[in-house]
Amino acid sequence: MRLLNINCRATFHECLLQMMKQQHARDEIVCIIYDEFMYFSEAAANQLKLQSIILRTSSATTQISREVLKLTKEGYTPLQDPRLQDPVPGLYPLRFKDLPIAKSGISENYLRSITSARNVRTSSAVIWNTINCIEQSSLVQVQQECQVPIFPVGPLHTFAPSSSSSLLEEDTSCISWLINQAPNSVIYISLGSRASIDKKELEEMAWGLVNSKQPFLWVIRPGSTTNAPQGIELLPEGIKEAVGENGCIVKWAPQKVLSHVAVGGFWSHCGWNSTLESIGEGVPMICRPNFGNQTVNARYVSQIWRIGLGLENELERGEVEKAVRKLKEEKEGEERQRAKYLKKKG
């Protein structure tokens, strides 16, 4: 991240300068909105006497929890084993295992990145891809510590139609399958574009889904499983026959799937975009986070917003079956009602 900001600063400044020279009065550039980790943009804007605004794309709670990592590294807060259930003082309901730690751990580079991203510098405001109704207390805390105004403007995905810019080819056949399913009957499983699982976890997921007897749409993208480039190659023998018409397995699905009337549950890695999309559609979740802010989001989904179930332990088909049945069969359950409530409120 540091090298990105060093290497891009001069090039971006030159590109911006050329754009300003060619601009018309009615298309005048007056402000730069930049991602919090790409702060080279702020430096260029400052040099050219333009206003700048920071865009934060993770939750406000994630930013607060990052501060604990800084204090931990500096020795002010003892870092306990992140695998333990011990609560983080002052950050209910987060445990040490829920802190947004990168896969590489709490490295000096990671700490520098989150410190630089937090710094407002000369920017005049912060806009946040979040919703006030779910993060009000965190936003109040952040504002108290921030010297410029902050504005929750999310969820951003609702402001523009979904694009087809995915690097993976979408399999639209799943839409035809969804059309033939009853409303709110399908559990949609998608673990994002970066997470991966091993063969054993894939097998347990597969048989757990089959044994639940619930209709499901499962995205197994290429590279999502270890030792199998296509992912689907590792499905256990006999699983496709066992699934039959009760399930649909694809390599990648269109983004609009989550809003389909047939989808009544979402098994997710709990990336912030996926979490906001699920809240926006009023769909309850099964949470299986991997790293970074996913663990923070998952904990809030299950414990604070109460719109989902946490699936934290080693994947086992009986637990998978139990979680899917609980989410789907309890039609008037708390998670479903809370998800509908937050959809209306957001």
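The model is predicted, so local features need pLDDT of at least 70 and side-chain atom pairs count only at pLDDT 80 or more, while totals for chains, interfaces and linings use all residues. Residues are numbered from 1 along each chain as its sequence is written, and side-chain values use heavy atoms, with hydrogens and water left out.

Side chains of opposite charge can pair when their charged atoms come close. The structure has 13 salt bridges (a side-chain nitrogen of Lys or Arg within 4 Å of a carboxyl oxygen of Asp or Glu). One of them joins Asp98 to Arg95, at 2.8 Å from N to O. Asp98 counts as buried, at 3% relative accessibility, and Arg95 is buried too, at 5% (buried is under 20% relative accessible area, exposed over 50%, partly exposed in between, with a 1.4 Å probe and protein chains only).

Helices are DSSP runs of H or I with at least four residues, strands are runs of E with at least two, and both are numbered from the N terminus.

Then there is Gly292, found in the loop between strand S9 (285–287) and helix H10 (293–303). Gly292 is buried, because its relative accessible area is 14%. Ile101 is 191 residues from Gly292 in sequence, yet their C-alpha atoms are 5.0 Å apart.
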